[in-house]
Amino acid sequence: MQTTHSILMVRPAAFRMNEETAVNNYFQSEGGQTERVADLALAEFDNYVQVLKDAGVKVFVVQDTGEFDTPDSLFPNNVISFHHNKAILYPMFAENRREERKLNYLGKLDQAGFHFEKTEDYTAYEDRKQFLEGTGVLILDRDHKIAYCSISDRADEELLHVFCKDQGYKPFMFYATQEVDGQFLPIYHTNVMMSVGKNFCLICLDTVRDARERNNLENLLIMSGKEIIAITEDQMNHFAGNILEVKNITGDPLICMSSQAYEALDDETIERLEKHGRIIHAPLYSIEKFGGGSARCMMAEIFI
């Protein structure tokens with residue numbers, strides 16, 4: 001099953017620009033370390049949760065207590081993912097992001113009636129400097145058991161293959177880059193340049209610079225029955241790739257994104273997306289500017 005109506009989100013206690021992630025997240029901007037930015041991000045979070053609930057999505061919110069240094073706690077999809085009675089914990093690049101595991105998602109979900117029979121833990125790979133940041137780097141076609149992954153400091157090639165062998169996925173590895181000060185550098189998370197829905201893939205193909213890799217990627221998407229909806233690098237830079245298809249409690253498909261992402265899309269792309277689900281969006285400007293992530297990053301899908 002590719003989509004779910006149940007989402008885990010984490011309400012931040014002290015959001016700021018995380019200096020530990022900014023070293024290779026080129027979507028982040030300097031200057032987001034003030035109380036005002038934290039307040040703006042909290043307001044954006046609360047509004048986004050309400051937008052999702054109003055659309056009929058079941059949203060389970062964990063409150064960050066502020067006890068730990070967790071400026072990125074509102075991006076839980078990097079730390080944990082859920083797979084039908086199983087939860088998976090991932091090794092994180094930034095040391096302060098490892099603190100997010102102390103927020104005890106599983107215990108709080110269990111209290112709320114979400115029971116997972118098994119937990120698989122890859123966090124020991126942090127000691128070997130090998131990282132695989134959840135569904136930030138892993139774009140999972142759950143129906144066809146394909147894991148798309150752009151290799152970066154946050155996505156280790158060897159660990160990708162370990163994950164796929166353990167979880168029964170076929171890996172598709174490639175290299176996506178963005179231009180930074182005249183250089184092409186790895187995109188930190190695959191989910192800012194592509195999103196796989198039930199019957200579509202929205203993707204910035206231009207970031208896959210190698211023609212053979214790009215053709216192989218397109219062919220696999222077509223073979224797995226996905227309509228390819230291409231976006232430009234400029235649209236990607238406005239977080240148009242960081243979207244997620246979910247469904248509401250009545251089973252209707254929804255495509256979630258930020259208002260910045262929506263405003264970056266042209267009419268034709270919006271029309272093509274709307275064939276696959278109703279678009280819902282909300283303003284996340286402070287979270288995007290200083291956190292370097294957007295709507296999809298804030299949503300960890302619960303499959304039980």
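1. How much space lies in the second largest cavity? About 60 Å³. This is a predicted model, and the volume is computed from it.

2. The lining of that second largest cavity includes Thr21, Asn25, Gln28, Asp72, Phe75 and Asn78. Arg97, Arg154, Tyr188, His189, Gly291 and Cys297 line the second largest cavity as well. By class, its lining has 6 polar, 3 nonpolar and 3 charged residues.

3. In total, the structure holds 3 cavities of 30 Å³ or more. The largest cavity has about 170 Å³ of space. Its lining is made up of 16 residues. Leu140, Val196, Leu244, Arg296 and Glu301 are the ones nearest the centre.

4. Which strands supply at least two residues each to the lining of the largest cavity? They are S6 (139-141), S11 (194-196) and S14 (244-247). S11 gives the largest share, 3 residues. The lining of the largest cavity divides into 7 nonpolar, 5 polar and 4 charged residues.

5. Gln2 sits in the segment before strand S1 (6-11). Buried or exposed? Gln2 counts as buried, because its relative accessibility is 5% and the cut-off for buried is under 20%.

6. The side chain of Gln2 reaches the backbone oxygen of Leu140 at 3.0 Å. Leaving out residues up to four places away in sequence, Gln2 touches Leu140, Asp141, Arg142, Asp143, Val196, Gly197, Lys198, Glu301 and Phe303. Among these partners of Gln2 are Leu140, Val196 and Glu301, which also lie among the lining residues nearest the centre of the largest cavity.

Conventions:
Residues numbered from 1 in each chain as written. Predicted model: local features only at pLDDT ≥ 70, side-chain atom pairs only at ≥ 80, totals over all residues. Heavy atoms only, no water. Helix = DSSP H or I, 4+ residues; strand = E, 2+ residues; numbered from the N terminus. Buried < 20%, exposed > 50% of the residue type's maximum accessible area, 1.4 Å probe, protein only. Polar contact = N/O pair within 3.5 Å; in protein donor to acceptor, adjacent residues only side chain to side chain. Contact = heavy atoms within 4.5 Å. 1 Å grid on protein atoms, 1.4 Å probe; cavity = no way out; pocket = protein on both sides within 12 Å on 5 of 7 lines; lining within 4 Å. Points joined across faces, edges and corners; volume = space filled by probe spheres on them. Nonpolar A, V, L, I, M, F, W, Y, C, P; charged D, E, K, R; others polar.
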